Amino acid sequence: MNPLNSPLEVGMRALVLLSASFPEPLDVARLVYLDHVMLHSGDMDGPPSLHPSLPAGPGELAMKRHLVEQGLVVLLRAGLADVEATADGLAYRASEEGPGFVDILEAPYASDLKDRAAWVIAAQASHLDVRAATRAITDRWAQEFQSHLPAPGSDHA
């Protein structure tokens, strides 16, 4: 199993976010967006990014939803997260054990994740329009991509 972007890794990142927002629940769309911002915080006027920007851009966001859903299954099975039905759909929250589990993680990367999660929850979670925020990431990537293409009619084809 590849540990990078595995259900276990993505589940741990989701747990860090759920613990930072505890006791407020988060839905999958919000978790996808917040995970992206947590990893690429430097691109969002926050602390330095934990992961480099990828040329795949919006493709990363599209793949992330499935990975977050798989990670949530890991958390639910481990008893580190709970799910609840709301008027808007399913929402997830850290279980009573979730924040304590996150607190025992000592690796420098885990510490950086906790710092970024606290920043992103404080800065964006409560007033966030996830669809508009995700569209802004996609639009920004498209503009950046377009700026690197040769001008039509140039001999840099």
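Reply: Glu 9 and Arg 13 are separated by about one helical turn, because they stand 4 residues apart in helix α1 (residues 7–21). Helices here are DSSP runs of H or I with at least four residues, strands are runs of E with at least two, and both are numbered from the N terminus. The model is predicted, so that local features need pLDDT of at least 70 and side-chain atom pairs count only at pLDDT 80 or more, whereas totals for chains, interfaces and linings use all residues. Residues are numbered from 1 along each chain as its sequence is written, and side-chain values use heavy atoms, with hydrogens and water left out.

Glu 9 and Arg 13 form a salt bridge (a side-chain nitrogen of Lys or Arg within 4 Å of a carboxyl oxygen of Asp or Glu), with 2.9 Å between the closest N and O atoms. Both residues are buried, a term that denotes under 20% relative accessible area, against over 50% for exposed and the range in between for partly exposed (1.4 Å probe, protein chains only).

Arg 13 also forms a salt bridge with Asp 35, and here the closest N and O atoms are 2.7 Å apart. This pair links distant parts of the chain, since Arg 13 belongs to helix α1 and Asp 35 to helix α2 (residues 28–39), 22 residues apart. Arg 13 counts as buried because its relative accessibility is 2%; Asp 35 is likewise buried, its relative accessible area being 2%. Through shared partners, salt bridges join Glu 9, Arg 13, Asp 35 and Lys 64 into one network. In general, side chains of opposite charge can pair when their charged atoms come close.

The structure holds 5 salt bridges, including one between Arg 93 and Glu 84, whose closest N and O atoms are 2.5 Å apart. Glu 84 is partly exposed, because its relative accessible area is 27%.

Strand β1 (residues 81–86) and strand β2 (residues 89–94) run antiparallel and are joined by 6 bridges; two strands are taken as paired if DSSP finds at least two bridges between them. They form a hairpin with 2 residues between β1 and β2, and Thr 86 has Gly 89 in β2 as its bridge partner.
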